[in-house]
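Please look over the sequence and the structure shown here before reading on. The notes that follow are grouped by topic.

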Amino acid sequence: MVEHPFPVGALVPPHLHTREDEYSIVLEGEIGFRSGDREAVLGSGGYITKPRGELHTMWNAGPVPARMIEIISPAGFEHFFRELAEMFADGPPRTEDAIPALAAKYGLRFGRPDWLPDVISRFGLTPPPGV
């Protein structure tokens, strides 16, 4: 289980898990989800499932910071977040392949779906570099 804060305009790069299913529950604010062909904006108490192998993304869909918790099953992916935090502890990674190598270690794949520019435009999002 992990807790994710979503600043205004935040977007998680589209990705899929090859080993885990995700269950997201919104705690505060409004969070948009796209998983496969499904899109929804959920408020506090709303939840969505994102099965392994399905490309998905999440974003802050409202005017205030948002928060959610995720249950990721089976266990093990929590180590990705620990290693990612350690990687950024002293600033950005020194090599361009550091994050892709870490993602591959955990069966995480990133994608650039055709629908992403529309989501960014409709919600006024600020995508991370490379998205």
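**Briefing: pocket, salt bridges and a surface patch**

The largest pocket has a volume of about 960 Å³. Of the 32 residues that line this pocket, Val12, Pro13, Ile99, Phe110 and Pro128 are the closest to its centre. The model is a predicted one.

**The largest pocket**

- Several elements give two or more residues each to the lining of the largest pocket: strand 1 (2-6), strand 2 (15-17), helix 1 (78-88), helix 2 (98-105) and strand 9 (108-110).
- Helix 1 provides the largest share of this lining, with 4 residues.
- By residue type, the lining of the largest pocket consists of 21 nonpolar, 7 polar and 4 charged residues.
- In general, empty space left among atoms shows up when a probe the size of a water molecule is rolled over them.

- Asp21 and Arg52 form a salt bridge, in which the closest N and O atoms are 3.0 Å apart.
- This pair links distant parts of the chain, since Asp21 lies in strand 3 (residues 21-28) and Arg52 in the loop between strand 6 (47-50) and strand 7 (56-60), 31 residues apart.
- Is Asp21 buried or exposed? Its relative accessibility is 18%, so Asp21 counts as buried, the cut-off for buried being under 20%.
- Arg52 has a relative accessibility of 38% and therefore counts as partly exposed, a class that lies between the limits of 20% and 50%.
- A salt bridge also joins the side chains of Lys50 and Glu70, at 2.5 Å from N to O.
- Because Lys50 lies in strand 6 and Glu70 in strand 8 (residues 66-73), the pair ties together parts that are 20 residues apart in sequence.
- Lys50 and Glu70 are both buried.

- Asp118 and Arg122 form a salt bridge, with their closest N and O atoms 2.8 Å apart.
- Why are Asp118 and Arg122 separated by about one helical turn? The reason is that they are 4 residues apart in helix 3 (residues 116-123).
- Asp118 has a relative accessible area of 41%, so it is partly exposed.
- Arg122 is partly exposed as well, with a relative accessible area of 44%.
- Which residues are linked with Asp118 and Arg122 in a network of salt bridges? The network also includes Arg34 and Glu39.
- The C-alpha atoms of Arg122 and Pro13 are separated by 16 Å, and the two residues are 109 residues apart along the chain.

**A nonpolar surface patch**

- Met1, Tyr23 and Ile71 form a nonpolar patch on the surface.
- Together, these residues have about 320 Å² of accessible area.
- Ile71 is located in strand 8, the strand that also holds Glu70.
- With a relative accessible area of 35%, Ile71 is partly exposed, whereas Glu70 is buried.

Methods
Residues numbered from 1 in each chain as written. Predicted model: local features only at pLDDT ≥ 70, side-chain atom pairs only at ≥ 80, totals over all residues. Heavy atoms only, no water. Salt bridge = Lys/Arg side-chain N within 4 Å of Asp/Glu carboxyl O. Buried < 20%, exposed > 50% of the residue type's maximum accessible area, 1.4 Å probe, protein only. Patch = residues over 30% accessible without salt bridge, like charges linked within 9 Å, V, L, I, M, F, W, Y side chains within 5 Å. Areas by Shrake-Rupley, 256 points an atom, 1.4 Å probe, with all protein chains shown as cover. 1 Å grid on protein atoms, 1.4 Å probe; cavity = no way out; pocket = protein on both sides within 12 Å on 5 of 7 lines; lining within 4 Å. Points joined across faces, edges and corners; volume = space filled by probe spheres on them. Nonpolar A, V, L, I, M, F, W, Y, C, P; charged D, E, K, R; others polar.
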